[in-house]
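Reader: I've got the sequence and the model open side by side. Could you walk me through the main features, one question at a time?

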Amino acid sequence: MTHVKGMPLLGAVCVLLSSLATPALAQDEPPAQDPPRIVLLAPPAPSRPAALMPLYIGGIGLQAYDGYSTLRGVRQGNPETNPLVGSLADRPPAFCTVKAVTTGLSILLTEQLWRDNHRKQAIVWMIVADGLMAAVAARNASLIHSAR
């Protein structure tokens, strides 16, 4: 075995360092804190009233029925009485696109009213919009039924 110069010095340094490093004793630990407390909070208020989602779904259904019944009525020879979409009734893809956009805008307007804390106005807006669409859908159904 060969002896390396300086090795006894290295051994001495290791012994010195290991003697200085003493294990932490239990008494050196900080005192235990109180155990964590469980705090029960009230559940957050619902972000939307229960009526808003059915109003959205109803509006979508009424718009879809209006689109279907309008196109069917025009095929049966009934004129489109809404001047805003009268020329579109002969082009179903364009007509359906307009129906989808107006439905989406109605919902977006309601959401904006809700976020701006005009909550009553948001609900009233959807009730009025759905009511108008229900009247239009009923009229379309009547016209289709009478054309038979």
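**A salt bridge between helices**

Author: Let's start with Lys99, which is buried, with a relative accessible area of 12%. Keep in mind that this is a predicted model.

Reader: OK, so which residue does Lys99 form a salt bridge with?

Author: Side chains of opposite charge can pair when their charged atoms come close. For Lys99, the closest N and O atoms of the pair are 2.4 Å apart, inside the 4 Å cut-off. The partner is Asp66.

Reader: Let's zoom out. What pattern does the chain follow along the sequence?

Author: The chain has 4 helices and 0 strands. Of its 148 residues, 20% count as buried. Read from one end of the sequence to the other, the pattern is α-α-α-α.

Reader: What percentage of the contacts between residues at least 6 apart join residues at least 24 apart?

Author: A contact here needs heavy atoms within 4.5 Å. Taking the contacts between residues at least 6 apart in sequence, the share that joins residues at least 24 apart is 66%.

Reader: Which residues is Leu55 in contact with, leaving aside neighbours within four places in sequence?

Author: Leu55 is one of the residues of that core, and so is Met126. With the neighbours within four places set aside, the contacts of Leu55 are Ile123, Met126, Ile127 and Asp130.

Reader: I see Tyr65 and Tyr68 in helix 2. Is their ring pair stacked, edge-to-face or tilted?

Author: This is the 1 aromatic pair in the structure. The ring centres of Tyr65 and Tyr68 are 6.1 Å apart and the planes make an angle of 50°. Stacked needs under 30 degrees and edge-to-face over 60, so the rest falls in the third class. At 50°, the pair of Tyr65 and Tyr68 is tilted.

Reader: What is the relative accessible area of Tyr68?

Author: Tyr65 and Tyr68 are 3 residues apart, about one turn of the helix. Tyr65 is partly exposed at 30%. Tyr68 is partly exposed too, with a relative accessible area of 42%.

Reader: Where is Asn117 found?

Author: Asn117 has a positive phi of about 65°, although it is not a glycine. At 57% relative accessibility, Asn117 counts as exposed. Its place is the loop between helix 3 and helix 4.

Reader: Last one: what is the area of the nonpolar surface patch made by Val101, Leu105 and Leu108?

Author: Val101 lies in helix 3. Together with Leu105 and Leu108, Val101 makes a patch of about 290 Å².

Key
Residues are numbered from 1 along each chain as its sequence is written. This is a predicted model: local features need pLDDT of at least 70, side-chain atom pairs count only at pLDDT 80 or more; totals for chains, interfaces and linings use all residues. Side-chain values use heavy atoms; hydrogens and water are left out. A nonpolar core is a set of buried Ala, Val, Leu, Ile, Met, Phe, Trp, Tyr and Cys residues joined through side-chain atoms within 4.5 Å. Buried means under 20% relative accessible area, exposed over 50%, partly exposed in between (1.4 Å probe, protein chains only). Helices (H or I, at least four residues) and strands (E, at least two) are DSSP runs, numbered from the N terminus. Rings of Phe, Tyr and Trp (its six-membered ring) pair if their centres lie within 6.5 Å; planes under 30 degrees apart count as stacked, over 60 as edge-to-face and the rest as tilted. A salt bridge is a side-chain nitrogen of Lys or Arg within 4 Å of a carboxyl oxygen of Asp or Glu. Patches are made of residues with over 30% relative accessible area and no salt bridge: like charges are joined within 9 Å, nonpolar side chains (Val, Leu, Ile, Met, Phe, Trp, Tyr) within 5 Å. Accessible areas come from the Shrake-Rupley method with a 1.4 Å probe; for residues, only the protein chains shown count as cover.
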